[in-house]
Amino acid sequence: MARTPRKRRRRRRGGGGGHDYLSGLPDDVILAILSRLTTRQAVTLSALSRRFRVLPSQFGRVDSALVADPALPLPSLPARPSFIRRLSFAPQTRRFSSSAFGRLLDAAADRGLSELAVRLPRSAFLPQNLLSIRSLTVVSLDSCALPRWCPAACPGLRTLKLHHVAIPQRMISVILKAAPVLETLEMVYCMGFAGSCSMESSTVRNLLFKSALEQREVTVKMAGLRTITLYTRPKVQSVRLDPAPEIRKAYLHIARPRVKLQFRIRPFLDAGTGLTCLTLRGMAIKLLSSEYEDTPNLAVQFEDLRILSVSLDFSNERELIFLLKLLESCPNLQQLTLSAVDAKDDTALPNFADHEERLSKLSCLTKSLEQLKFLGFRPQRYQKELFIFLLTQATNLKKMAVEFPKDQEAAVRRILSVRKAPTQKKTTKYKQFYLELEYPVEQNCS
């Protein structure tokens with residue numbers, strides 16, 4: 001017996017029983033609606049209907065365009081060029097035409113280009129018109145080289161990121177003068193300074209600087225800084241930071257120099273009374289301790305400082321004294337991180353009893369300190385007594401973390417037993433054993 005074919009149900013346009021108001025709108029109205037979405041969202045929406053499929057090519061703007069060949073045209077219709085917000089140029093090979101890249105930049109500049117990201121292979125040279133686009137607000141350059149001289153006219157430039165860029169000192173000065181509203185500057189492993197780098201600007205608010213391998217001197221003259229992250233290499237011989245009264249966050253990592261280092265940062269620290277976060281890594285605290293050796297106490301108070309992180313040698317009496325001076329100037333400190341480096345045996349460690357009376361007078365221990373972290377801890381005499389003192393005196397402590405070698409777990413747990421914690425978590429963070437503890441609020445308040 002033959003089977004009768006089933007009748008196919010026709011799908012109603014618009015899904016359910018409602019009316020499809022969107023498909024009946026004119027193209028200009030739909031384009032006006034889609035123009036309020038990002039390019040990615042609008043292209044995704046074009047897959048819903050055959051009628052919407054050609055609409056993205058008629059957009060009046062393109063959020064982002066990635067170009068690998070400068071000879072290719074920019075995405076737009078011939079009758080109506082599209083506005084391009086961001087252009088990324090990353091050729092796959094070194095054999096590309098620099099003149100074609102220059103023409104590509106001119107075409108993008110005519111369409112209101114505001115963000116530019118360039119990554120070239122093997123530090124190839126950039127065209128001279130790159131810094132002449134007046135509409136640019138963000139420029140990110142990676143693995144490329146600037147000409148020894150090129151005109152710079154970027155009145156609206158606010159962010160400049162230079163990573164592995166060969167740039168002469170003269171061009172750095174020219175760019176900083178030609179960008180009157182520049183706020184963020186990143187220079188990571190840049191070359192071409194002839195041994196020294198000097199940065200001077202009154203508008204830069206955020207600075208990230210990592211010195212190149214052959215760099216000898218670093219000078220920062222930026223009075224309007226609010227955040228600074230500074231890394232040096234062993235060949236750096238001179239570091240100078242001018243005062244920045246508006247500084248809020250500072251991260252200083254000074255590598256161990258091969259020769260005697262000329263370190264001048266005391267005026268910078270004295271002027272930073274508004275600091276909220278301070279991190280001293282490497283040799284920073286050792287060099288600062290030599291600058292403040294002649295003063296019994298710091299001349300300023302860091303009332304707003306909430307986070308302090310330092311790396312120090314517990315066998316160095318001068319570094320420990322400077323830590324005490326710093327803690328005395330932070331009455332409202334909430335988070336403290338101590339990283340032990342170059343720890344010697346017990347015979348080389350100072351006597352904790354010499355510092356105990358001064359530690360007991362720290363107001364932050366009994367009033368504001370809530371989180372304590374001890375990295376690289378070893379149960380040697382000074383570190384052990386200091387750790388026990390902090391655990392017992394920090395009455396408002398809520399969280400504590402300690403990182404230690406695997407074979408010292410039993411000794412660390414004996415130390416932690418002086419203050420019971422109901423919540424414990426053990427991990428292998430920092431490639432060693434890492435123990436986290438939480439204390440209840442009721443115990444802290446009693």
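1. Strand β7 pairs with strand β9 (residues 217–221) through five bridges, and the two run parallel. Two strands count as paired if DSSP finds at least two bridges between them. Strands (E, at least two residues) and helices (H or I, at least four) are DSSP runs, numbered from the N terminus. C197 stands opposite V218 in β9. This is a predicted model: local features need pLDDT of at least 70, side-chain atom pairs count only at pLDDT 80 or more, and totals for chains, interfaces and linings use all residues. Residues are numbered from 1 along each chain as its sequence is written, and side-chain values use heavy atoms, with hydrogens and water left out.

2. β7 and β9 belong to an open sheet of four strands, in the order β7-β9-β11-β13, with parallel pairing. Its edge strands are β7 (196–200) and β13 (262–264), each of which pairs on one side only. Neighbouring strands of this sheet are turned by 5 degrees against each other on average, direction ignored. For such angles, axes are lines fitted to C-alpha atoms, for helices over the stretch in contact, and values run from 0 to 180 degrees between N-to-C directions.

3. Next, β15 and its partners. Strand β14 (residues 277–282) pairs with β15 in the parallel sense over four bridges. L280 stands opposite V310 in β15. The path from β14 through α6 to β15 is a right-handed β-α-β crossover. Right-handed here means that, with the strands pointing away from the viewer, the path from the first strand over the helix to the second runs clockwise.

4. On to β16 (residues 335–340): six bridges join this strand to β15, and the two run parallel. I307 has Q335 in β16 as its bridge partner. β15, helix α7 (residues 317–328) and β16 form a right-handed β-α-β unit.

5. How much of β15 is buried? Five of its six residues are. Buried means under 20% relative accessible area, exposed over 50%, partly exposed in between (1.4 Å probe, protein chains only). Helix α6 is largely enclosed by the rest of the structure, because six of its eight residues are buried. They are A284, I285, L287, L288, S289 and E291. These buried residues pack against β12 (249–254), β13, α5 (266–271), β14, β15 and α7.

6. F302 lies in the loop between α6 (284–291) and β15 (307–312). F302 is buried, with a relative accessible area of 1%. Beyond its neighbours within four places in sequence, F302 is in contact with L269, G272, T273, L275, L326, S329, C330 and P331. Contact means heavy atoms within 4.5 Å. F302 and L327 are 25 residues apart in sequence and 9.4 Å apart in space, C-alpha to C-alpha.

7. The largest pocket has a volume of about 260 Å³. It is lined by 18 residues, of which Q371, K373, K399, A401 and Y434 lie nearest its centre. β20 (433–438) is among the strands that each supply at least two lining residues. β20 gives the most, with four residues. A pocket is an open set of points on a 1 Å grid over the protein atoms alone where a 1.4 Å probe fits, with protein on both sides within 12 Å along at least five of seven lines; lining residues have an atom within 4 Å of a point. Grid points are joined across faces, edges and corners, and a volume is the space filled by probe spheres set on the points.

8. Overall, the chain has twelve helices and 20 strands. Buried residues make up 45% of its 446 residues.
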